[in-house]
Amino acid sequence: MQELATLSINVGLLGLGTVGVGTAQILLDPVGRHPLIGQLRLARVGVRDLHKSRPIDIPADCLTTNLEAIVSDPQISVVVEVLGGLEPARSLILKAIAHGKHVVTANKAVVARYGDEIFTAANQAGVYVMLEAAVGGGIPIVQPLKQALGVNRIQALTGIVNGTTNYILTRMQREAGDFSSILADAQRLGYAEADPAADVDGLDAADKLAILASLAFGGRIKLADVYSEGIRQVTAADMAYAQRLGFVIKLLAIARRRSDTQPVLEELELRVHPTLVPNSHPLAAVNDVYNAILVEGEPLGQVMFFGPGAGAGPTASAVVSDLIAVAATLITEPSGAPNPLLSCSHQHYCKVSPMADIYSRFYLRLIAKDRPGVIGKLGMCFGNHGVSLESIVQTGMEEDCAEIVIVSHEVREANFQTALDDIRSFTEIQRVASVLRVL
Ligand code: NAP
Ligand code: HSE
(Lines give C-alpha, C1' and ligand atoms only; values in the text may rest on other atoms or scores of the structure.)
(Ligands and ions follow the chains in the order given, each with its own letter.)
Protein backbone atom coordinates (compact mmCIF):
# COMPACT_ATOMS: atom_id res chain seq x y z
CA MET A 1 0.00 0.00 0.00
CA GLN A 2 1.24 3.48 -0.84
CA GLU A 3 2.17 5.84 2.06
CA LEU A 4 -0.21 8.76 2.56
CA ALA A 5 1.26 12.02 1.35
CA THR A 6 2.72 13.83 4.37
CA LEU A 7 0.97 17.07 3.60
CA SER A 8 0.46 19.38 6.56
CA ILE A 9 -3.08 20.78 6.74
CA ASN A 10 -3.51 24.07 8.59
CA VAL A 11 -6.54 24.30 10.83
CA GLY A 12 -8.07 27.53 12.11
CA LEU A 13 -10.03 27.09 15.34
CA LEU A 14 -12.79 29.60 16.13
CA GLY A 15 -13.48 29.31 19.87
CA LEU A 16 -11.48 27.90 22.77
CA GLY A 17 -14.24 27.07 25.23
CA THR A 18 -15.36 23.57 26.24
CA VAL A 19 -15.28 22.05 22.75
CA GLY A 20 -12.42 24.24 21.45
CA VAL A 21 -10.13 23.16 24.30
CA GLY A 22 -11.06 19.47 23.79
CA THR A 23 -10.32 19.81 20.06
CA ALA A 24 -6.98 21.57 20.61
CA GLN A 25 -5.97 18.90 23.14
CA ILE A 26 -6.46 16.13 20.58
CA LEU A 27 -4.68 18.03 17.81
CA LEU A 28 -1.71 18.79 20.07
CA ASP A 29 -1.47 15.20 21.32
CA PRO A 30 -1.74 12.98 18.22
CA VAL A 31 0.28 9.96 19.38
CA GLY A 32 -1.68 6.69 19.34
CA ARG A 33 -4.53 8.16 17.32
CA HIS A 34 -5.17 8.05 13.56
CA PRO A 35 -1.96 9.06 11.72
CA LEU A 36 -3.84 11.78 9.79
CA ILE A 37 -4.21 13.74 13.05
CA GLY A 38 -0.44 14.21 12.97
CA GLN A 39 -0.87 15.99 9.64
CA LEU A 40 -3.32 18.53 11.07
CA ARG A 41 -1.58 21.67 12.32
CA LEU A 42 -3.38 23.99 14.72
CA ALA A 43 -2.40 27.24 13.01
CA ARG A 44 -4.64 29.95 14.55
CA VAL A 45 -7.12 30.04 17.43
CA GLY A 46 -9.76 32.76 17.68
CA VAL A 47 -11.17 33.86 21.05
CA ARG A 48 -12.95 36.85 22.57
CA ASP A 49 -10.53 37.43 25.46
CA LEU A 50 -6.78 36.95 24.99
CA HIS A 51 -6.05 37.20 28.71
CA LYS A 52 -8.53 34.63 29.98
CA SER A 53 -6.93 31.74 31.86
CA ARG A 54 -7.27 28.52 29.83
CA PRO A 55 -6.81 24.84 30.74
CA ILE A 56 -4.43 24.41 27.77
CA ASP A 57 -1.21 26.07 26.62
CA ILE A 58 -1.66 27.60 23.19
CA PRO A 59 1.36 29.48 21.77
CA ALA A 60 0.63 33.19 22.27
CA ASP A 61 1.24 33.97 18.57
CA CYS A 62 -1.47 31.45 17.68
CA LEU A 63 -4.21 33.17 19.70
CA THR A 64 -6.09 36.10 18.19
CA THR A 65 -9.28 38.05 18.65
CA ASN A 66 -9.35 38.73 14.91
CA LEU A 67 -11.59 35.90 13.74
CA GLU A 68 -12.07 37.45 10.29
CA ALA A 69 -8.32 37.09 9.74
CA ILE A 70 -8.56 33.35 10.43
CA VAL A 71 -11.39 32.70 7.95
CA SER A 72 -9.57 34.64 5.23
CA ASP A 73 -6.04 33.35 5.95
CA PRO A 74 -4.74 31.76 2.70
CA GLN A 75 -2.59 29.33 4.72
CA ILE A 76 -5.62 27.79 6.44
CA SER A 77 -7.48 24.95 4.71
CA VAL A 78 -10.08 24.00 7.32
CA VAL A 79 -11.93 26.23 9.79
CA VAL A 80 -13.43 24.68 12.93
CA GLU A 81 -16.31 26.76 14.29
CA VAL A 82 -16.97 26.07 17.98
CA LEU A 83 -18.09 29.53 19.07
CA GLY A 84 -21.77 28.76 19.59
CA GLY A 85 -24.63 31.22 19.07
CA LEU A 86 -25.93 32.47 15.74
CA GLU A 87 -23.71 35.47 15.07
CA PRO A 88 -20.85 35.91 14.34
CA ALA A 89 -20.78 32.11 13.84
CA ARG A 90 -23.00 32.17 10.73
CA SER A 91 -21.13 35.05 9.05
CA LEU A 92 -17.74 33.54 9.82
CA ILE A 93 -18.78 30.15 8.40
CA LEU A 94 -20.00 31.87 5.21
CA LYS A 95 -16.80 33.92 4.94
CA ALA A 96 -14.66 30.81 5.43
CA ILE A 97 -16.61 29.10 2.63
CA ALA A 98 -16.26 32.17 0.40
CA HIS A 99 -12.49 31.94 0.95
CA GLY A 100 -12.52 28.29 -0.20
CA LYS A 101 -12.11 26.72 3.23
CA HIS A 102 -13.73 23.55 4.44
CA VAL A 103 -15.70 24.02 7.64
CA VAL A 104 -16.23 21.75 10.63
CA THR A 105 -18.87 22.96 13.08
CA ALA A 106 -20.54 21.76 16.28
CA ASN A 107 -23.15 24.49 16.02
CA LYS A 108 -26.57 22.86 15.55
CA ALA A 109 -28.37 26.17 16.09
CA VAL A 110 -26.67 27.74 13.07
CA VAL A 111 -26.96 24.65 10.86
CA ALA A 112 -30.66 24.09 11.67
CA ARG A 113 -31.50 27.73 10.85
CA TYR A 114 -29.08 28.59 8.04
CA GLY A 115 -28.26 25.16 6.58
CA ASP A 116 -29.80 26.10 3.24
CA GLU A 117 -27.64 29.21 2.86
CA ILE A 118 -24.51 27.46 4.18
CA PHE A 119 -24.74 24.27 2.09
CA THR A 120 -25.70 26.17 -1.05
CA ALA A 121 -22.62 28.38 -0.59
CA ALA A 122 -20.44 25.33 0.20
CA ASN A 123 -21.59 23.46 -2.91
CA GLN A 124 -20.91 26.50 -5.08
CA ALA A 125 -17.45 26.92 -3.55
CA GLY A 126 -16.69 23.17 -3.77
CA VAL A 127 -15.96 22.83 -0.05
CA TYR A 128 -17.33 20.57 2.70
CA VAL A 129 -19.28 21.59 5.76
CA MET A 130 -19.02 18.85 8.36
CA LEU A 131 -21.20 18.62 11.47
CA GLU A 132 -20.70 15.34 13.30
CA ALA A 133 -20.42 17.17 16.65
CA ALA A 134 -23.66 19.10 16.16
CA VAL A 135 -25.85 16.10 17.08
CA GLY A 136 -25.25 13.54 19.80
CA GLY A 137 -21.90 15.00 20.97
CA GLY A 138 -19.43 12.12 20.78
CA ILE A 139 -21.85 9.65 19.19
CA PRO A 140 -21.03 9.00 15.53
CA ILE A 141 -24.43 9.46 13.85
CA VAL A 142 -24.01 12.06 11.09
CA GLN A 143 -21.35 10.19 9.12
CA PRO A 144 -23.15 6.81 9.56
CA LEU A 145 -26.34 8.40 8.19
CA LYS A 146 -24.38 9.80 5.22
CA GLN A 147 -22.46 6.59 4.55
CA ALA A 148 -23.16 3.15 6.06
CA LEU A 149 -26.86 3.77 6.78
CA GLY A 150 -27.32 5.49 3.42
CA VAL A 151 -27.68 1.99 1.97
CA ASN A 152 -31.00 1.72 3.75
CA ARG A 153 -34.39 3.26 3.16
CA ILE A 154 -34.78 4.97 6.52
CA GLN A 155 -38.26 4.62 7.99
CA ALA A 156 -37.86 6.24 11.39
CA LEU A 157 -35.38 7.84 13.68
CA THR A 158 -36.19 8.19 17.38
CA GLY A 159 -33.72 9.87 19.69
CA ILE A 160 -32.89 11.18 23.09
CA VAL A 161 -30.71 14.00 21.82
CA ASN A 162 -30.63 16.44 24.73
CA GLY A 163 -28.51 15.48 27.71
CA THR A 164 -29.74 18.22 30.06
CA THR A 165 -33.39 17.20 29.84
CA ASN A 166 -32.52 13.51 30.05
CA TYR A 167 -30.58 14.22 33.24
CA ILE A 168 -33.53 16.16 34.73
CA LEU A 169 -36.11 13.52 33.75
CA THR A 170 -33.91 10.68 35.03
CA ARG A 171 -33.55 12.38 38.41
CA MET A 172 -37.28 13.18 38.57
CA GLN A 173 -37.95 9.49 37.98
CA ARG A 174 -35.43 8.25 40.55
CA GLU A 175 -36.16 10.77 43.29
CA ALA A 176 -39.84 11.58 42.66
CA GLY A 177 -38.62 15.20 42.60
CA ASP A 178 -40.17 18.24 40.94
CA PHE A 179 -38.91 19.72 37.70
CA SER A 180 -37.97 23.14 39.08
CA SER A 181 -35.91 21.94 42.06
CA ILE A 182 -34.00 19.41 39.93
CA LEU A 183 -33.42 22.04 37.22
CA ALA A 184 -31.95 24.37 39.87
CA ASP A 185 -29.70 21.53 41.04
CA ALA A 186 -28.64 20.74 37.45
CA GLN A 187 -27.71 24.44 37.00
CA ARG A 188 -25.70 24.40 40.24
CA LEU A 189 -23.82 21.28 39.05
CA GLY A 190 -23.14 22.85 35.64
CA TYR A 191 -25.26 20.38 33.63
CA ALA A 192 -27.88 22.96 32.71
CA GLU A 193 -27.10 26.47 31.48
CA ALA A 194 -28.09 29.63 33.38
CA ASP A 195 -30.68 30.20 30.64
CA PRO A 196 -32.02 26.66 30.25
CA ALA A 197 -34.73 27.53 27.69
CA ALA A 198 -33.10 25.98 24.61
CA ASP A 199 -32.75 22.68 26.42
CA VAL A 200 -35.88 22.42 28.60
CA ASP A 201 -38.24 23.89 25.98
CA GLY A 202 -37.17 21.30 23.40
CA LEU A 203 -35.54 23.82 21.02
CA ASP A 204 -32.06 22.26 21.10
CA ALA A 205 -33.59 18.84 20.38
CA ALA A 206 -35.64 20.35 17.53
CA ASP A 207 -32.47 21.79 15.95
CA LYS A 208 -30.82 18.37 16.18
CA LEU A 209 -33.88 16.58 14.80
CA ALA A 210 -33.99 18.92 11.80
CA ILE A 211 -30.36 18.01 11.04
CA LEU A 212 -30.85 14.26 11.54
CA ALA A 213 -34.04 14.15 9.46
CA SER A 214 -32.39 16.05 6.64
CA LEU A 215 -29.60 13.46 6.53
CA ALA A 216 -31.87 10.44 6.99
CA PHE A 217 -34.51 11.46 4.45
CA GLY A 218 -32.33 13.28 1.94
CA GLY A 219 -34.03 16.67 1.86
CA ARG A 220 -33.81 20.04 3.55
CA ILE A 221 -35.97 20.73 6.58
CA LYS A 222 -37.52 24.03 7.62
CA LEU A 223 -37.00 24.32 11.37
CA ALA A 224 -40.48 25.84 11.69
CA ASP A 225 -41.91 22.49 10.49
CA VAL A 226 -40.51 20.67 13.53
CA TYR A 227 -43.10 20.54 16.31
CA SER A 228 -41.47 21.02 19.70
CA GLU A 229 -42.69 20.82 23.25
CA GLY A 230 -40.39 20.85 26.27
CA ILE A 231 -40.45 19.19 29.67
CA ARG A 232 -41.52 22.04 31.99
CA GLN A 233 -45.04 20.61 32.35
CA VAL A 234 -43.90 17.11 33.36
CA THR A 235 -44.59 16.55 37.07
CA ALA A 236 -43.52 14.07 39.72
CA ALA A 237 -47.13 12.78 39.69
CA ASP A 238 -46.87 11.98 35.95
CA MET A 239 -43.58 10.19 36.54
CA ALA A 240 -45.22 8.06 39.24
CA TYR A 241 -48.30 7.22 37.12
CA ALA A 242 -46.11 6.44 34.13
CA GLN A 243 -44.06 4.08 36.28
CA ARG A 244 -47.22 2.31 37.54
CA LEU A 245 -48.39 1.87 33.94
CA GLY A 246 -45.00 0.42 32.87
CA PHE A 247 -43.46 3.50 31.25
CA VAL A 248 -40.70 6.06 31.77
CA ILE A 249 -40.98 9.64 30.50
CA LYS A 250 -38.33 10.80 28.02
CA LEU A 251 -37.97 13.84 25.78
CA LEU A 252 -38.04 12.14 22.38
CA ALA A 253 -37.13 13.56 19.00
CA ILE A 254 -39.06 11.60 16.38
CA ALA A 255 -38.71 11.69 12.59
CA ARG A 256 -40.76 9.21 10.63
CA ARG A 257 -41.98 8.59 7.11
CA ARG A 258 -45.77 8.81 7.10
CA SER A 259 -46.13 5.64 5.12
CA ASP A 260 -43.81 2.68 5.26
CA THR A 261 -45.25 1.45 1.99
CA GLN A 262 -43.95 4.46 0.04
CA PRO A 263 -40.38 3.89 -1.12
CA VAL A 264 -40.05 7.52 -2.18
CA LEU A 265 -40.47 10.13 0.50
CA GLU A 266 -43.93 11.64 0.55
CA GLU A 267 -44.40 13.16 3.96
CA LEU A 268 -42.54 13.20 7.26
CA GLU A 269 -43.57 13.46 10.88
CA LEU A 270 -41.10 15.63 12.80
CA ARG A 271 -41.75 16.16 16.49
CA VAL A 272 -40.06 16.69 19.83
CA HIS A 273 -42.11 16.14 22.97
CA PRO A 274 -42.04 14.40 26.33
CA THR A 275 -43.21 10.85 25.73
CA LEU A 276 -44.22 7.84 27.79
CA VAL A 277 -41.78 5.16 26.63
CA PRO A 278 -42.54 1.49 27.49
CA ASN A 279 -39.99 0.02 29.93
CA SER A 280 -39.16 -2.65 27.35
CA HIS A 281 -38.13 -0.10 24.67
CA PRO A 282 -34.34 0.30 24.17
CA LEU A 283 -34.56 4.09 24.74
CA ALA A 284 -36.17 3.59 28.18
CA ALA A 285 -32.80 2.52 29.62
CA VAL A 286 -30.94 5.63 28.35
CA ASN A 287 -30.45 7.71 31.49
CA ASP A 288 -28.64 10.73 32.91
CA VAL A 289 -26.84 12.96 30.38
CA TYR A 290 -26.52 10.16 27.83
CA ASN A 291 -27.98 10.41 24.34
CA ALA A 292 -29.15 7.64 22.02
CA ILE A 293 -30.60 7.49 18.54
CA LEU A 294 -32.57 4.50 17.29
CA VAL A 295 -32.59 4.26 13.50
CA GLU A 296 -35.00 1.97 11.66
CA GLY A 297 -34.35 1.20 8.04
CA GLU A 298 -34.95 -1.30 5.30
CA PRO A 299 -33.32 -3.79 5.00
CA LEU A 300 -31.16 -3.23 8.12
CA GLY A 301 -33.91 -3.22 10.74
CA GLN A 302 -33.11 -1.40 13.97
CA VAL A 303 -29.74 -0.04 15.05
CA MET A 304 -29.16 2.12 18.13
CA PHE A 305 -26.34 4.61 18.68
CA PHE A 306 -25.66 5.36 22.34
CA GLY A 307 -23.08 7.48 24.15
CA PRO A 308 -22.11 10.80 25.69
CA GLY A 309 -24.10 13.56 24.02
CA ALA A 310 -21.91 16.43 25.22
CA GLY A 311 -18.71 17.32 27.05
CA ALA A 312 -15.27 18.49 25.93
CA GLY A 313 -13.69 15.12 25.08
CA PRO A 314 -16.67 13.42 23.41
CA THR A 315 -17.62 16.47 21.34
CA ALA A 316 -14.00 17.08 20.34
CA SER A 317 -13.79 13.43 19.26
CA ALA A 318 -16.61 14.15 16.79
CA VAL A 319 -14.99 17.41 15.62
CA VAL A 320 -11.64 15.74 14.93
CA SER A 321 -13.35 12.80 13.19
CA ASP A 322 -14.67 15.35 10.69
CA LEU A 323 -11.21 16.90 10.39
CA ILE A 324 -9.63 13.58 9.46
CA ALA A 325 -12.39 12.85 6.95
CA VAL A 326 -11.66 16.18 5.23
CA ALA A 327 -7.90 15.64 5.53
CA ALA A 328 -8.18 12.20 3.92
CA THR A 329 -10.09 13.70 1.01
CA LEU A 330 -7.63 16.58 0.58
CA ILE A 331 -4.72 14.16 0.51
CA THR A 332 -6.25 11.50 -1.71
CA GLU A 333 -8.20 13.81 -4.05
CA PRO A 334 -5.79 16.65 -4.75
CA SER A 335 -7.75 17.30 -7.95
CA GLY A 336 -10.54 18.69 -5.73
CA ALA A 337 -13.23 16.39 -7.16
CA PRO A 338 -15.97 16.41 -4.52
CA ASN A 339 -16.32 13.34 -2.34
CA PRO A 340 -20.04 12.47 -2.54
CA LEU A 341 -19.87 10.75 0.85
CA LEU A 342 -18.94 14.04 2.53
CA SER A 343 -20.87 16.65 0.58
CA CYS A 344 -24.52 17.58 0.96
CA SER A 345 -26.22 17.46 -2.42
CA HIS A 346 -29.97 17.55 -1.69
CA GLN A 347 -31.77 20.76 -2.48
CA HIS A 348 -35.50 20.18 -2.17
CA TYR A 349 -37.43 20.71 1.07
CA CYS A 350 -39.11 17.73 2.70
CA LYS A 351 -42.88 17.88 3.05
CA VAL A 352 -43.79 17.68 6.71
CA SER A 353 -47.20 16.61 8.03
CA PRO A 354 -49.07 19.10 10.16
CA MET A 355 -49.19 18.00 13.79
CA ALA A 356 -53.02 17.72 13.56
CA ASP A 357 -52.61 14.76 11.17
CA ILE A 358 -50.16 12.77 13.29
CA TYR A 359 -51.27 9.54 14.95
CA SER A 360 -50.13 8.68 18.47
CA ARG A 361 -51.35 7.34 21.78
CA PHE A 362 -52.09 9.80 24.59
CA TYR A 363 -51.80 9.86 28.37
CA LEU A 364 -54.14 12.33 30.05
CA ARG A 365 -54.43 13.27 33.73
CA LEU A 366 -57.54 15.17 34.80
CA ILE A 367 -58.66 16.58 38.13
CA ALA A 368 -62.46 16.25 38.29
CA LYS A 369 -65.25 16.67 40.83
CA ASP A 370 -66.14 13.23 42.14
CA ARG A 371 -69.73 13.09 40.80
CA PRO A 372 -71.68 10.14 39.37
CA GLY A 373 -71.43 9.85 35.61
CA VAL A 374 -68.14 11.77 35.09
CA ILE A 375 -66.26 8.74 33.75
CA GLY A 376 -69.22 7.88 31.50
CA LYS A 377 -69.33 11.45 30.17
CA LEU A 378 -65.62 11.38 29.40
CA GLY A 379 -65.92 8.02 27.62
CA MET A 380 -68.88 9.31 25.60
CA CYS A 381 -67.04 12.49 24.58
CA PHE A 382 -63.95 10.61 23.43
CA GLY A 383 -66.15 8.08 21.60
CA ASN A 384 -67.96 10.90 19.78
CA HIS A 385 -64.62 12.17 18.49
CA GLY A 386 -63.42 8.73 17.38
CA VAL A 387 -60.95 8.37 20.26
CA SER A 388 -60.72 4.82 21.55
CA LEU A 389 -59.53 4.41 25.14
CA GLU A 390 -57.10 1.76 26.29
CA SER A 391 -57.57 2.44 30.03
CA ILE A 392 -59.33 4.88 32.31
CA VAL A 393 -58.57 4.80 36.02
CA GLN A 394 -59.80 6.96 38.87
CA THR A 395 -56.95 7.26 41.32
CA GLY A 396 -56.17 9.65 44.20
CA MET A 397 -58.69 11.91 45.90
CA GLU A 398 -58.10 15.53 46.88
CA GLU A 399 -60.95 17.06 48.94
CA ASP A 400 -63.98 16.28 46.73
CA CYS A 401 -61.90 15.92 43.57
CA ALA A 402 -60.75 12.75 41.88
CA GLU A 403 -57.68 12.27 39.74
CA ILE A 404 -58.50 10.43 36.51
CA VAL A 405 -55.74 8.95 34.37
CA ILE A 406 -56.61 7.96 30.80
CA VAL A 407 -54.50 6.21 28.15
CA SER A 408 -55.87 6.21 24.61
CA HIS A 409 -55.26 3.92 21.69
CA GLU A 410 -53.52 5.42 18.67
CA VAL A 411 -55.58 8.36 17.48
CA ARG A 412 -55.31 11.30 15.11
CA GLU A 413 -53.96 14.32 17.04
CA ALA A 414 -56.77 16.62 15.87
CA ASN A 415 -59.47 14.21 17.12
CA PHE A 416 -57.88 13.91 20.53
CA GLN A 417 -57.36 17.69 20.89
CA THR A 418 -60.96 18.45 19.85
CA ALA A 419 -62.26 15.97 22.43
CA LEU A 420 -60.00 17.58 25.00
CA ASP A 421 -61.37 21.05 24.17
CA ASP A 422 -64.88 19.74 24.89
CA ILE A 423 -63.73 18.09 28.12
CA ARG A 424 -62.15 21.34 29.35
CA SER A 425 -65.62 22.92 29.20
CA PHE A 426 -67.27 20.24 31.42
CA THR A 427 -68.32 21.79 34.73
CA GLU A 428 -67.03 18.70 36.59
CA ILE A 429 -63.48 19.16 35.25
CA GLN A 430 -61.37 21.27 37.60
CA ARG A 431 -58.30 21.15 35.39
CA VAL A 432 -56.42 19.20 32.76
CA ALA A 433 -53.27 18.39 34.74
CA SER A 434 -51.20 16.71 31.97
CA VAL A 435 -51.36 15.66 28.36
CA LEU A 436 -48.46 13.54 27.14
CA ARG A 437 -47.96 11.33 24.12
CA VAL A 438 -47.20 7.62 24.45
CA LEU A 439 -44.78 5.73 22.21
P1 NAP B 1 -18.15 27.85 25.14
O2 NAP B 1 -17.52 27.00 26.19
O3 NAP B 1 -19.04 28.95 25.54
O4 NAP B 1 -16.95 28.43 24.25
C5 NAP B 1 -17.16 29.39 23.25
C6 NAP B 1 -15.80 29.89 22.79
O7 NAP B 1 -16.01 30.76 21.70
C8 NAP B 1 -15.02 30.69 23.83
O9 NAP B 1 -13.66 30.36 23.75
C10 NAP B 1 -15.24 32.15 23.43
O11 NAP B 1 -14.12 32.98 23.67
C12 NAP B 1 -15.39 32.04 21.94
N13 NAP B 1 -16.29 33.06 21.41
C14 NAP B 1 -17.64 33.09 21.49
N15 NAP B 1 -18.11 34.18 20.86
C16 NAP B 1 -17.03 34.83 20.36
C17 NAP B 1 -16.86 36.00 19.59
N18 NAP B 1 -17.90 36.75 19.24
N19 NAP B 1 -15.60 36.36 19.25
C20 NAP B 1 -14.55 35.61 19.63
N21 NAP B 1 -14.65 34.47 20.35
C22 NAP B 1 -15.87 34.11 20.70
O23 NAP B 1 -18.97 26.94 24.11
P24 NAP B 1 -18.88 25.36 23.91
O25 NAP B 1 -19.63 24.66 25.00
O26 NAP B 1 -17.48 24.97 23.61
O27 NAP B 1 -19.80 25.17 22.61
C28 NAP B 1 -19.34 25.53 21.33
C29 NAP B 1 -20.29 24.98 20.28
O30 NAP B 1 -20.33 23.57 20.36
C31 NAP B 1 -21.75 25.44 20.43
O32 NAP B 1 -22.31 25.62 19.15
C33 NAP B 1 -22.42 24.27 21.14
O34 NAP B 1 -23.80 24.16 20.85
C35 NAP B 1 -21.67 23.12 20.51
N36 NAP B 1 -21.67 21.91 21.32
C37 NAP B 1 -21.23 21.97 22.59
C38 NAP B 1 -21.20 20.82 23.36
C39 NAP B 1 -20.69 20.84 24.76
O40 NAP B 1 -20.66 19.78 25.39
N41 NAP B 1 -20.27 21.99 25.29
C42 NAP B 1 -21.66 19.61 22.80
C43 NAP B 1 -22.09 19.59 21.47
C44 NAP B 1 -22.10 20.74 20.74
P45 NAP B 1 -13.55 33.32 25.14
O46 NAP B 1 -13.05 32.00 25.66
O47 NAP B 1 -12.48 34.28 24.95
O48 NAP B 1 -14.74 33.82 25.91
N1 HSE C 1 -27.21 21.47 25.71
C2 HSE C 1 -26.96 20.27 24.99
C3 HSE C 1 -27.51 19.08 25.78
C4 HSE C 1 -25.45 20.12 24.77
O5 HSE C 1 -27.91 19.23 26.93
O6 HSE C 1 -27.58 17.99 25.22
C7 HSE C 1 -25.08 19.28 23.61
O8 HSE C 1 -25.59 19.74 22.40
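Start by selecting Tyr 359: leaving aside residues up to four places away in sequence, Tyr 359 touches Arg 258, Arg 271, Glu 410, Val 411 and Arg 412, where contact means heavy atoms within 4.5 Å. What you have open is a predicted model, in which local features need pLDDT of at least 70, side-chain atom pairs count only at pLDDT 80 or more, and totals for chains, interfaces and linings use all residues. Residues are numbered from 1 along each chain as its sequence is written, chains are lettered from A and ligands numbered from 1 in the order in which they are written, and side-chain values use heavy atoms, with hydrogens and water left out.

**Strand 13**

Stay with Tyr 359 and colour its strand, strand 13 (residues 359-369); strands here are DSSP E runs of at least two residues and helices are H or I runs of at least four, numbered from the N terminus. Tyr 359 counts as partly exposed because its relative accessibility is 41%; buried means under 20% relative accessible area, exposed over 50%, and partly exposed in between, with a 1.4 Å probe and protein chains only. For a distance check, pick Ala 316: 43 residues from Tyr 359 along the chain, its C-alpha atom lies 38 Å from that of Tyr 359.

Now click on Ser 360, also found in strand 13. Is Ser 360 buried or exposed? At 4% relative accessibility, Ser 360 counts as buried. Beyond residues up to four places away in sequence, Ser 360 touches Arg 271, Ser 408, His 409, Glu 410, Val 411, Glu 413 and Arg 437.

**Helix 4**

Next, select residues 108-125, which form helix 4. The end C-alpha atoms of this 18-residue helix are only 22 Å apart, short of the 26 Å that a straight helix would reach at 1.5 Å a residue; the expected span is 1.5 Å times one less than the number of residues. Centre on Tyr 114 to find a kink of about 85 degrees, the bend being the angle between axes fitted to the seven residues ending there and the seven starting there. Just after helix 4, look at Gly 126, with a positive phi of about 70 degrees.

Show the buried residues of helix 4, among them Val 110, Gly 115, Ile 118 and Phe 119. Their cover includes helix 3 (89-98), strand 5 (102-105), strand 6 (129-130) and helix 9 (203-217).
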